[in-house]
Amino acid sequence: MYNILICDDEQDIVNALKIYLSGGDYCLFEASNGREALEVVEKNDIHLILMDIMMPVMNGYEATQSIRGMSRPDSGIPIIAMTADAFTEDIQRCLACGMNDHLTKPIDMTVVAQILKKHISA
């Protein structure tokens, strides 16, 4: 079983990803902001995070930096940015803050499959 955290404040996106991923060998967790994502990561063995960038309470950049700063063996888990910002500098900012990859919204499920395959097999 592969544990995936979906962190997004837009419930429609969370629901769409949950429907798409429900057929796989995944256990899905969800959070609606970065602070909730940290709580989920602290309490569970998460293998990959799909992280929105623009959220209330704590954004995706802050949450990623907090996860990367944890003194745990799994603090290097793959974190995939999900954002409508698709310019080169936006992607570079995601990578610079510690994210491993970037998905552009609206989410293309074919690209999600490619990214999961890339990071799950790694």
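**Reading the model**

A: Start with a polar contact (a pair of N or O atoms within 3.5 Å; within protein, one must be able to donate a hydrogen and the other to accept it, and residues adjacent in sequence count only if both atoms are side-chain atoms). A polar atom of the Asn 33 side chain lies 2.9 Å from the backbone nitrogen of Glu 36. The Asn 33 side chain also reaches the backbone nitrogen of Arg 35, at 2.9 Å. This is a predicted model, where local features need pLDDT of at least 70, side-chain atom pairs count only at pLDDT 80 or more, and totals for chains, interfaces and linings use all residues. Residues are numbered from 1 along each chain as its sequence is written, and side-chain values use heavy atoms, with hydrogens and water left out.

Q: Where is Asn 33 placed?
A: Helices (H or I, at least four residues) and strands (E, at least two) are DSSP runs, numbered from the N terminus. Asn 33 sits in the loop between strand E2 (26-31) and helix H2 (34-43).

Q: Is Asn 33 buried or exposed?
A: Buried means under 20% relative accessible area, exposed over 50%, partly exposed in between (1.4 Å probe, protein chains only). Asn 33 has a relative accessible area of 8%, so Asn 33 is buried.

Q: How many aromatic pairs does the structure hold?
A: A pair of aromatic rings is described by the distance of the centres and the angle of the planes. Rings of Phe, Tyr and Trp (its six-membered ring) pair if their centres lie within 6.5 Å; planes under 30 degrees apart count as stacked, over 60 as edge-to-face and the rest as tilted. The structure holds one such pair. The ring centres of Tyr 2 and Tyr 26 are 6.4 Å apart and the planes are at 70 degrees, so the pair is edge-to-face. Tyr 2 is in strand E1 (residues 2-7) and Tyr 26 in strand E2, 24 residues apart.

Q: Which charged end sits over the ring of Tyr 61?
A: A charge sits over a ring if NZ of Lys or CZ of Arg is within 6 Å of the ring centre and within 35 degrees of the ring normal. Here the charged end is that of Arg 93, 3.8 Å from the ring centre. Tyr 61 lies in helix H3 (residues 60-68). Tyr 61 is buried, at 9% relative accessible area.

Q: Why is strand E4 called largely enclosed?
A: Five of the five residues of E4 (residues 79-83) are buried, so the rest of the structure largely encloses E4.
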